[in-house]
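Here is a short walk through a structure, one spot at a time. Keep the sequence beside you as you read.

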There are 6 protein chains.
Amino acid sequence: MSDRLTSLITKTPQEGFELAITLAQMGVEYTQPSESIRKKLRPKYARNADSLIMASHVIAVHYQTVAAANNYWK
Amino acid sequence: MSDRLTSLITKTPQEGFELAITLAQMGVEYTQPSESIRKKLRPKYARNADSLIMASHVIAVHYQTVAAANNYWK
Amino acid sequence: MSDRLTSLITKTPQEGFELAITLAQMGVEYTQPSESIRKKLRPKYARNADSLIMASHVIAVHYQTVAAANNYWK
Amino acid sequence: MSDRLTSLITKTPQEGFELAITLAQMGVEYTQPSESIRKKLRPKYARNADSLIMASHVIAVHYQTVAAANNYWK
Amino acid sequence: MSDRLTSLITKTPQEGFELAITLAQMGVEYTQPSESIRKKLRPKYARNADSLIMASHVIAVHYQTVAAANNYWK
Amino acid sequence: MSDRLTSLITKTPQEGFELAITLAQMGVEYTQPSESIRKKLRPKYARNADSLIMASHVIAVHYQTVAAANNYWK
């Protein structure tokens, strides 16, 4: 993971959103480094509406950060 | 989804709110790309008050971002 | 709902708070457009302390937005 | 409740914190206007650690708003 | 509690973090003023991972406030 | 823990993310100081998707703080 995050600057709001997703995933990966365990958990939470909303929430928090870093792509 | 998000600028606070909803949905869609699975989940969480409040929360976080991007439509 | 939100500017902090409540409700209404379903859910969550705290949380997030839009009514 | 909130400005960080608590309570009161129902709920959630942490969270969000309004009492 | 919070300014990021913890605790104490009840709740939530993460979340929100008040100790 | 946090400034967005993780862990450690209890809790929550998302959320909040402190590494 160590070379994934070199800048918060992105060309478009869309790319910024994808970076926010990456940041949300990084938070999970640092907390549970085992890829095999994470893969086991995925089918369950990806079919649970509340888990999906919670994941969307984390993305939203990171998107605030990325959008501010990019001065909202104005 | 890739061409959905080209700008955070909207004409009105109302359109900004609708963009916040889109962003919240995008977070769910990236986490669960299968439309058929999402459609199955919908009837359940849309009748669960806590899930609705959680969804409204994610929209609120994105609305902060969109409102700031638009300098609060002042 | 489309003509409800024309401005984030309010005269007083109190009116701003009421706007934050409206925004929190709009998030729920967009997610569950059926008024009859929402009315069925209401008696239950309005008697559940955790649901009330969650609803208060969403209002708090929107109030941050509205207060910033109004430069904190200073 | 209508005349409770006339300003976000407070003399001290302590008074600001108390205002944040008031704002968190207002969010609950608008969602459940019945004082008798709220009083019934109180003994239960006030003895539930997670509910207390959630309530503290809402206060924290409002305190961000109040602190910013007061330029952090600097 | 009334004389605990006289300033958000701290010498170091570490002291600011400790202030954020105090603020999170104050939110709980105002909601449940009885020290004996809080002490009874503590053993349980302090051994529940989700409760600990929720407590850490509240501290994080207050730390944003304290860090901004101190201009990030730059 | 007392000498861990001397500055919020980091060289890169990646190091900032690692600092955000440290801050999230500090919040847990202050709330539950016993390392042995925390170690017992870890296997369970690290295999629970919702707990991982919640942990990622706390990291996201701290990352907002760290990123702002570093002016987004621009």
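Start with R38(C): apart from neighbours within four places in sequence, it is in contact (heavy atoms within 4.5 Å) with V28(C), E29(C), Q32(C) and P33(C). R38(C) lies in helix α2 of chain C, residues 35-45. Helices here are DSSP runs of H or I, at least four residues long, numbered from the N terminus. R38(C) is buried but forms no salt bridge, and the nearest side chain of opposite charge, E29(C), is 4.2 Å away. Buried means under 20% relative accessible area, exposed over 50% and partly exposed in between, with a 1.4 Å probe and protein chains only. A salt bridge needs a side-chain nitrogen of Lys or Arg within 4 Å of a carboxyl oxygen of Asp or Glu; Lys and Arg count as positive, Asp and Glu as negative, while His and the chain ends are not counted.

A word on the model: it is predicted, with local features needing pLDDT of at least 70 and side-chain atom pairs 80 or more, while totals for chains, interfaces and linings use all residues. Residues are numbered from 1 along each chain as its sequence is written, chains are lettered from A and ligands numbered from 1 in the order written, and side-chain values use heavy atoms, leaving out hydrogens and water.

Stay in chain C and look at the segment after α3 (49-69), where you will find N71(C). N71(C) has a positive phi of about 45° without being a glycine, and it is partly exposed, at 44% relative accessible area. Y72(C) is in the segment after α3 of chain C too. Its phi is near 60°, again positive in a residue other than glycine, but Y72(C) is buried, at 17%.

Methods
Helices (H or I, at least four residues) and strands (E, at least two) are DSSP runs, numbered from the N terminus.
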